[in-house]
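This report describes one protein model, from its overall make-up down to a single side chain. The sequence and structure come first.

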Amino acid sequence: MCAEASHASITGAPAQAASSSSPSNPFLTALKWILEIPRLLLMGFLKLYRLIISPTYGDVCGYFPSCSAYALEAVTVHGATRGSWLAARRLLRCNPWGKGGIDMVPPGKRIWPEGKTPKIIVLNHPPIPDDIDESAAADRGA
């Protein structure tokens, strides 16, 4: 499988050519950077929370990925506004009476260069082994 296809499977986004045209206008470049500030601040806060506060609670979340990992991935993939909305919805679902289980962040449109996929996305999407075919298991006597 090529790297673009594996990247698309991790992020859920279609693979696109790496020819992204950066704005040559310095005003547009500055505006784009300014618009990234809220996302970067939220990501920093969530990383600090995961480093300092989250370990004191231990493994108490009924969901995979944990709520803080979900929030960090949502803000990373979808930006500050939509990522915060997704994280807030998840926190409302996470309670002692909740079902729990696997709850992945919806795929976004953001695509990272090859080898630059954020660590939280890689950690939240571990490789899942293929299911063993029942007939193959019967052949082995299992």
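Helices (H or I, at least four residues) and strands (E, at least two) are DSSP runs, numbered from the N terminus.

## Basis of the model

The model is predicted, so local features need pLDDT of at least 70 and side-chain atom pairs count only at pLDDT 80 or more, while totals for chains, interfaces and linings use all residues. Residues are numbered from 1 along each chain as its sequence is written, and side-chain values use heavy atoms, with hydrogens and water left out.

## Overall make-up

The protein has 7 helices and 2 strands, in the order α-α-α-β-α-α-β-α-α from the N terminus. Of its 142 residues, 26% are buried (under 20% relative accessible area; exposed is over 50% and partly exposed is in between, with a 1.4 Å probe and protein chains only). Contact means heavy atoms within 4.5 Å. Among contacts between residues at least 6 apart in sequence, 72% join residues at least 24 apart.

The accessible surface is about 10,300 Å², and carbon and sulfur atoms account for 63% of that area. Accessible areas come from the Shrake-Rupley method with a 1.4 Å probe; for residues, only the protein chains shown count as cover.

## A nonpolar patch

Leu 48 lies in helix H2 and is partly exposed, at 48% relative accessible area. Together with Leu 51, Ile 52, Ile 53, Tyr 57 and Val 60, Leu 48 makes a nonpolar surface patch of about 650 Å². H2 gives the largest share of this patch, 3 residues.

Patch residues have over 30% relative accessible area and no salt bridge; like charges are joined within 9 Å, and nonpolar side chains (Val, Leu, Ile, Met, Phe, Trp, Tyr) within 5 Å. A salt bridge is a side-chain nitrogen of Lys or Arg within 4 Å of a carboxyl oxygen of Asp or Glu.

## Helix H4

In helix H4, 12 of 12 residues are buried, among them Tyr 70, Glu 73 and His 78. Their cover includes helices H2 (26-52), H3 (54-57), H5 (80-93) and H6 (119-124). Just after H4, Gly 79 has a positive phi of about 95°.

## His 78

His 78 belongs to H4 (residues 67-78) and counts as buried because its relative accessibility is 17%. Beyond four places in sequence, His 78 contacts Gly 83, Leu 86, Val 105, Pro 106, Pro 107 and Gly 108. Its C-alpha atom is 7.8 Å from that of Lys 109, 31 residues away along the chain.

The side chain of His 78 reaches the backbone oxygen of Pro 106 at 2.8 Å. It also makes a polar contact with the side chain of Arg 82 at 3.1 Å. A polar contact is a pair of N or O atoms within 3.5 Å; within protein, one must be able to donate a hydrogen and the other to accept it, and residues adjacent in sequence count only if both atoms are side-chain atoms.
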